[in-house]
Amino acid sequence: MDPQKAAGINPLPNFEALITIAEYTDKYGELNNGEYLEDVPITLAGKITNKCSSSSKIVFYYLNDGGSEVQVVANARKSVLEKSEFTNLHSSVTLNNIIGVTGFPSKSQRGVLSISSKSFTVISPYCLCEMGVDYLAKLVTDSLNIQEATKPEFEPPLSTLSSFRVVVVRDIHEDWELEHDSKALHFLNPDLVLFTGDFGNENVELVKGIAELNFPKGAIPCNHDSWLTSKFSSKVKDRVQAQLECLSEAHVGYGHLEFPSLKLSVVGGRPFSCGGDNLFRKKLIKARFPTINLILFLIFRYGVRDMEESAEQIYKAALQTPNENSIILLSHIAQ
């Protein structure tokens with residue numbers, strides 16, 4: 001944002017959407033195919049979920065305000081911008097940007113309801129999911145900088161929001177500082193945190209710290225989390241068992257977790273996976289997890305012998321989720 005500020009451009013401009021996308025589609029959904037209402041001014045705002053172009057003069061977007069979605073048609077002939085300004089602006093717009101659009105209702109010859117853009121404002125050009133955790137943690141340590149640099153001016157009306165925030169943390173590989181990275185998570189304020197494994201090479205202390213985070217969460221152990229252990233020990237507690245006991249019910253491998261307030265289910269893929277069509281650590285997922293804790297035994301009894309049984313376990317877990325819930329499949333593939 002610094003180059004924009006230096007040029008005298010406000011990177012987070014004010015923008016007021018006077019109508020939600022749901023209200024817009026209800027009001028103008030009955031337009032005839034090919035109809036344009038150029039004398040009806042409309043302002044909408046939301047997040048870019050898709051972008052494509054037919055030429056440098058016409059760009060199509062899908063705009064989502066958390067409740068509904070509508071197509072935006074940006075046509076250089078209808079824009080208030082000069083051709084070069086139009087090209088420069090729309091070449092810089094990417095998915096997940098928060099934008100505001102002023103234009104008029106229109107429907108294509110094929111019956112697609114759109115808003116034809118006259119002016120196009122990038123309200124927030126940066127998506128937090130593209131920032132590194134270390135950078136977020138640095139911002140969190142200076143609350144004044146956060147308020148100045150990262151607080152968006154645009155917030156959709158709460159009444160229109162049906163979404164929630166999920167933070168996915170993957171491939172930590174022991175690069176985790178509990179104090180700073182916890183601050184980053186608190187800054188993001190997620191409804192749910194999902195860990196896709198590879199915490200470290202069987203780093204029990206790191207997993208214990210993550211398990212104690214005070215967030216709704218789900219996790220699945222992966223190949224590095226069983227890097228040194230090829231089978232469960234029946235005599236002493238090995239480091240794989242210790243990690244699974246730390247995660248307890250947050251571990252979702254071959255199972256499912258329910259988050260009723262979000263109407264969301266998380267289904268776990270195969271644990272200790274490095275991806276591909278071969279089982280990694282066959283003896284671990286073939287075994288039935290040895291523990292004197294009956295609850296943990298019920299959670300971690302894998303008993304999977306091949307890829308077909310692995311797929312069947314995941315399928316069965318998905319079938320056990322409530323019909324009204326959306327489903328996230330939590331799994332891991334080595335990069």
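Is Phe-199 buried or exposed, and what is the relative accessible area of Phe-199? Phe-199 is buried, at a relative accessible area of 1%; buried means under 20% relative accessible area, exposed over 50% and partly exposed in between, with a 1.4 Å probe and protein chains only.

## Basis of the report

This is a predicted model, in which local features need pLDDT of at least 70 and side-chain atom pairs count only at pLDDT 80 or more, while totals for chains, interfaces and linings use all residues. Residues are numbered from 1 along each chain as its sequence is written, and side-chain values use heavy atoms, with hydrogens and water left out.

## Aromatic pairs

The structure holds 5 aromatic pairs. Rings of Phe, Tyr and Trp (its six-membered ring) pair if their centres lie within 6.5 Å; planes under 30 degrees apart count as stacked, over 60 as edge-to-face and the rest as tilted. One of the pairs is formed by Tyr-24 and Tyr-28, which is tilted, with 5.3 Å from centre to centre and 45° between the planes. Both residues lie in helix 2 (residues 21-28), 4 residues apart, or about one turn of the helix. Helices (H or I, at least four residues) and strands (E, at least two) are DSSP runs, numbered from the N terminus. Tyr-24 and Tyr-28 are both buried.

The ring centres of Phe-195 and Phe-199 are 6.1 Å apart and the planes stand at 45°, so this pair is tilted too. Phe-195 counts as buried at 1% relative accessibility. Ring pairs also link Trp-176, Phe-195 and Phe-199 into a cluster.

## The cavity

A search of the whole structure finds 1 cavity of 30 Å³ or more. On a 1 Å grid over the protein atoms alone, a cavity is a set of points where a 1.4 Å probe fits but cannot get out, and lining residues have an atom within 4 Å of a point. The volume of the largest cavity is about 40 Å³, where a volume is the space filled by probe spheres set on the points, and grid points are joined across faces, edges and corners.

Strand 3 (69-75), helix 3 (83-92) and strand 5 (113-124) each supply at least two residues of the lining. Strand 5 gives the most, with 4 residues. Among the lining residues are Phe-86, Leu-89 and His-90.

## Helix 3

Phe-86, Leu-89 and His-90 are the buried residues of helix 3. They cover an arc of only 85° around the axis, which puts them on the same side of helix 3; the arc is that of the directions from the helix axis to the C-beta atoms. The face turned away from this buried side carries the exposed residues Asn-88 and Ser-91.

Technical notes
On a 1 Å grid over the protein atoms alone, a cavity is a set of points where a 1.4 Å probe fits but cannot get out, and a pocket is an open set with protein on both sides within 12 Å along at least five of seven lines; lining residues have an atom within 4 Å of a point.
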